[in-house]
Amino acid sequence: MKIELNRLNNAVHLAATAPSSPVKVHIDGSPEIGGEGLGVRPMELVLMALGSCSSFDLISILNKQRQEIQDISVDVEADRADAVPAVFTHIRMAFKLKGNIDQAKAEKAAELAVKKYCSVHDMLAAGGVKIDYMIQIVPAT
């Protein structure tokens, strides 16, 4: 696996690319280090990686269980240490599923998706980050 970062201005605005996609991801720092709000911050990317990795696996498992998913969203929120480096100490994910989905199947699928199959979860947990999640199901319309 490989990515490339290229600086786009005289501050800290970067564009990331990967061989797997033509899409560029814009990354920028906080104003304190010269950021100009032209991209997401690196630690936000980590939360995005955790949420998307878990969601991919959750969708796959629920589809294999023939659960009817109309929509999915996930809110990811984190606490950081007060010291430098300001690593994550606790991350909370809230999955919101819409569709004809059995609660028990969704709970089991989420456990597998987050704790067994998501590589991002395993890397963060190995570093001592506490990660919690919850599932909310909204009936199909």
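What follows is a set of questions and answers on one helix and a few residues.

Modeller: This is a predicted model, where local features need pLDDT of at least 70, side-chain atom pairs count only at pLDDT 80 or more, and totals for chains, interfaces and linings use all residues. Residues are numbered from 1 along each chain as its sequence is written, and side-chain values use heavy atoms, without hydrogens and water.

Biologist: How far apart are the end C-alpha atoms of helix α2?

Modeller: Helices (H or I, at least four residues) and strands (E, at least two) are DSSP runs, numbered from the N terminus. Helix α2 covers residues 103-117, which is 15 residues.

Biologist: Within what arc do the buried residues of α2 fall?

Modeller: Buried means under 20% relative accessible area, exposed over 50%, partly exposed in between (1.4 Å probe, protein chains only). The buried residues of α2 are Ala106, Ala109, Ala110, Ala113 and Val114. They line one face of the helix, because the directions from the helix axis to the C-beta atoms fall within an arc of 115°.

Biologist: Is Thr17 buried, exposed or partly exposed?

Modeller: Thr17 sits in strand β2, residues 14-18. Leaving out residues up to four places away in sequence, Thr17 touches (heavy atoms within 4.5 Å) Ile3, Glu4, Val23 and Lys24. Its relative accessible area is 24%, so Thr17 is partly exposed.

How values were computed:
The expected span of a helix is 1.5 Å times one less than its number of residues.
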